[in-house]
Amino acid sequence: NAVTSWSGYYQVANRANIIMEAIAEKEEYQIAVDAGIPNEWTQLYGEAAVFRAFSYFTLIKLFGDVPYHDKATTTLSQTTPTGLTSRFVIYDGEIANLIKVEPLMYRIGEGGLTAERFSRTFAQGLIGRMCLFAGGWSTCRTDFDYGDVTFEQKGIEQWNAKYVRVTDYKTKYYATAKTYLDLCVSNPGSAYLITTDPRGAAFNNPFQLHFQNLMDLKVSPESLFEIGATQAYNGDFTYS
């Protein structure tokens with residue numbers, strides 16, 4: 001449901017803005033930031049930042065260029081009128097914010113974190129994913145001003161759209177993706193790939209064991225983040 005998704009992700013993003021602005025005023029947060037040492041407040045700030053980035057990442061995937069608010073919205077006048085913002089402005093803003101907060105977040109297994117909360121591990125992975133999307137091919141409008149962004153194009157323009165990617169995708173986005181995906185893989189905290197099956201020869205399926213953990217309502221060691229869901233009855237939602 002596009003209408004529900006639109007309003008829901010904006011609500012999440014705005015609540016994240018409110019939380020970040022409130023935490024930023026706390027002395028305990030400011031001391032930790034100055035010292036460069038994670039604490040509970042920098043972790044919570046980072047989680048809010050990830051919620052906002054993930055919301056806009058999803059909005060871009062669903063709708064393309066969308067309105068963008070990186071400050072808390074508390075009155076209707078702050079949203080009307082609101083024009084569209086280039087997806088590349090949003091990508092750049094959210095990637096930069098994640099790069100700022102991830103060093104002050106806990107990895108999975110640190111600070112009592114499991115995959116039921118956003119972690120430094122997940123944030124580094126999300127930076128990589130967003131960079132790959134920002135530097136990848138996408139359908140962009142021809143009736144919209146993308147500023148000084150330049151593109152290389154595949155195919156022809158049709159229906160006020162063209163299939164393009166930014167010309168500096170390697171240096172601007174893919175290099176950053178490599179950096180943060182490397183960081184995620186080299187120090188993933190307590191997360192690890194399931195490569196053996198302790199259930200015995202009758203199973204011998206490490207790949208399936210990950211999904212069995214989900215079906216048994218257990219946090220899988222392969223997961224960087226799990227969205228809470230009930231077991232699948234008459235369907236395969238959780239398994240898939």
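Q: What makes the three strands an open sheet, and in what order do they lie?
A: The order is S1-S3-S2, with antiparallel pairing. Strand S1 (138–141) and strand S2 (151–158) each have a single partner strand and stand at the edges, so one side of each has no neighbour in the sheet. The model is predicted: local features need pLDDT of at least 70 and side-chain atom pairs count only at pLDDT 80 or more, while totals for chains, interfaces and linings use all residues. Residues are numbered from 1 along each chain as its sequence is written, and side-chain values use heavy atoms, without hydrogens and water.

Q: How do you know that S2 and strand S3 (residues 161–166) pair?
A: Pairing requires at least two bridges found by DSSP. S2 and S3 have five bridges, in the antiparallel sense, and Ala161 in S3 is the bridge partner of Gln158.

Q: Which strands does H4 touch where it packs on the sheet?
A: H4 touches S1, S2 and S3 (contact means heavy atoms within 4.5 Å), and its direction makes about 120 degrees with that of S1.

Q: Why is H4 called roughly parallel to H6?
A: Helix H4 (residues 87–101) and helix H6 (residues 169–186) pack at an angle of about 30 degrees, with their axes 13 Å apart. Angles under 35 degrees count as roughly parallel, which makes H4 roughly parallel to H6.

Q: Which residues make the contact between H4 and H6?
A: Phe88, Asp92, Ile95 and Ile99 of H4 meet Lys172, Tyr173, Thr176 and Tyr180 of H6. These residues divide into five nonpolar, one polar and two charged (Ala, Val, Leu, Ile, Met, Phe, Trp, Tyr, Cys and Pro count as nonpolar, Asp, Glu, Lys and Arg as charged, the others, Gly among them, as polar).

Conventions
Axes are lines fitted to C-alpha atoms, for helices over the stretch in contact, and angles run from 0 to 180 degrees between N-to-C directions. Helices (H or I, at least four residues) and strands (E, at least two) are DSSP runs, numbered from the N terminus. Angles under 35 degrees count as roughly parallel, over 145 as roughly antiparallel, 65 to 115 as roughly perpendicular and the rest as oblique.
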